[in-house]
Amino acid sequence: YVFLIWMFMPLFPREKWLFLCKGEISMRHAITKGQGLDELQLTQIKAVAPLVDAVVLREKQLSQQALAQGIEQLLALGVPATKLIVHSMPSLAEAYQLLGCHFASDAIVYGNDFPFLCGQSTHSVEEALRCENRGMDYIYFSHIFPSSSKPNLAPRGLAALTDVCAATSIPVIALGGINKRNQHLLATTGASGFAAISMFFN
């Protein structure tokens with residue numbers, strides 16, 4: 001099913017083909033660990049890319065030049081540009097014709113300003129609706145389960161995820177503490193998929 005969507009994607013506006021995934025656990029995003037794009041990390045990304053719909057290059061500490069170099073290395077390794085989403089640097093998404101760009105929750109951006117997919121992180125229904133009004137193609141909602149990356153913050157839980165999914169018409173991707181043991185719990189929430197770091201890169 002997902003393969004058919006991707007195959008016919010050029011025939012539909014980006015909002016239309018993404019809407020086909022709304023409410024089904026059909027999208028899987030792997031997020032990099034934020035530890036740079038050295039040879040080991042590049043090799044891991046290459047191995048993970050065929051298993052997911054997108055790899056999000058979340059390397060906030062890297063300069064634009066360093067991140068561009070990493071993207072070029074990934075492309076040289078055979079990782080398709082259509083599998084890569086860059087974090088917070090839309091100019092790189094456009095320059096390398098990547099799948100898209102993901103933005104932090106406090107970024108003021110409008111999805112219709114860009115020719116690629118645009119996503120944004122959210123933590124509430126209000127933020128989710130704001131993203132929808134600004135034309136974002138999808139959102140992350142976090143964090144769902146206890147997460148080692150946020151040890152001092154209580155998870156928002158499945159009920160909050162369900163509320164966000166019901167409130168917005170754009171795809172919601174769950175994030176935070178998701179692993180192979182609990183991912184099945186997302187099926188009844190209305191989420192369109194999940195994103196994870198440790199599940200793919202540890």
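Ala, Val, Leu, Ile, Met, Phe, Trp, Tyr, Cys and Pro count here as nonpolar, Asp, Glu, Lys and Arg as charged, and the others, Gly among them, as polar. On that basis the lining of the largest pocket has 17 polar, 10 nonpolar and 4 charged residues. The model is predicted.

**Largest pocket**

- The volume of the largest pocket is about 690 Å³. Its lining is made up of 31 residues, and those closest to the centre are R58, S149, K150, L175 and I197.
- Three elements each supply at least two lining residues: the strands β6 (138-142) and β8 (193-196), and the helix α8 (198-201).

**Strand β8 and its neighbours**

- β8 pairs with strand β1 (residues 27-31) in the parallel sense, over 4 bridges. Within this pairing, R28 has F194 of β8 as its bridge partner.
- β8 also pairs with strand β7 (residues 172-175), again in the parallel sense, over 3 bridges. Here I173 stands opposite G193 of β8.
- In a regular strand the side chains alternate between the two faces of the sheet. In β8, G193 and A195 point one way, while F194 and A196 point the other way. These four residues are all buried.
- F194 has a relative accessible area of 1%, so this residue falls under the 20% limit for buried.

**Aromatic contacts**

- A pair of aromatic rings is described by the distance of the centres and the angle of the planes. The structure holds 4 aromatic pairs.
- One of them joins F114 and F116, with ring centres 5.3 Å apart and planes at 25 degrees. The pair counts as stacked because that angle is under 30 degrees.
- A stacked pair is also formed by F194 and F200, at 6.5 Å centre to centre and 5 degrees between the planes. F200 counts as buried, at 14% relative accessibility. F194, its partner in the pair, is buried too.
- F116 has 5% relative accessibility and counts as buried. F103, F114 and F116 form one aromatic cluster.
- Which ring lies under the charged end of R134? The ring is that of Y110, and the charged end sits over it at 5.8 Å from the ring centre.

**Cavities**

- Rolling a probe the size of a water molecule over the atoms shows where empty space is left. The structure holds 2 cavities of 30 Å³ or more.
- The second largest cavity has a volume of about 30 Å³. Its lining consists of S105, Q120, E127, R130, C131 and R134.
- Helix α6 (residues 125-133) gives the largest share of that lining, with 3 residues.
- By class, the lining of the second largest cavity has 3 charged, 2 polar and 1 nonpolar residues.

**Backbone features in loops**

- The peptide bond from S142 to H143 is cis, and its omega is near -10 degrees. H143 lies in the loop between β6 and α7.
- S88 is not a glycine, yet has a positive phi of about 70 degrees. S88 belongs to the loop between β3 (84-87) and α5 (90-95).
- Is S88 buried, partly exposed or exposed? With a relative accessible area of 38%, S88 is partly exposed.
- Q97 also is not a glycine and has a positive phi, of about 55 degrees. Q97 is found in the loop between α5 and β4 (100-103).
- The relative accessible area of Q97 is 64%, so Q97 is exposed, the limit being over 50%.

**A contact across the sequence**

- L158 and T189 are 31 residues apart in sequence, and their C-alpha atoms are 6.8 Å apart in space.
- L158 has its place in helix α7 (residues 157-167). At 28% relative accessibility, L158 counts as partly exposed.

Definitions and conventions: Residues numbered from 1 in each chain as written. Predicted model: local features only at pLDDT ≥ 70, side-chain atom pairs only at ≥ 80, totals over all residues. Heavy atoms only, no water. 1 Å grid on protein atoms, 1.4 Å probe; cavity = no way out; pocket = protein on both sides within 12 Å on 5 of 7 lines; lining within 4 Å. Points joined across faces, edges and corners; volume = space filled by probe spheres on them. Buried < 20%, exposed > 50% of the residue type's maximum accessible area, 1.4 Å probe, protein only. Pairing = 2+ DSSP bridges. Phe/Tyr/Trp six-rings, centres within 6.5 Å; stacked < 30°, edge-to-face > 60°. Lys NZ or Arg CZ within 6 Å of the ring centre and 35° of its normal.
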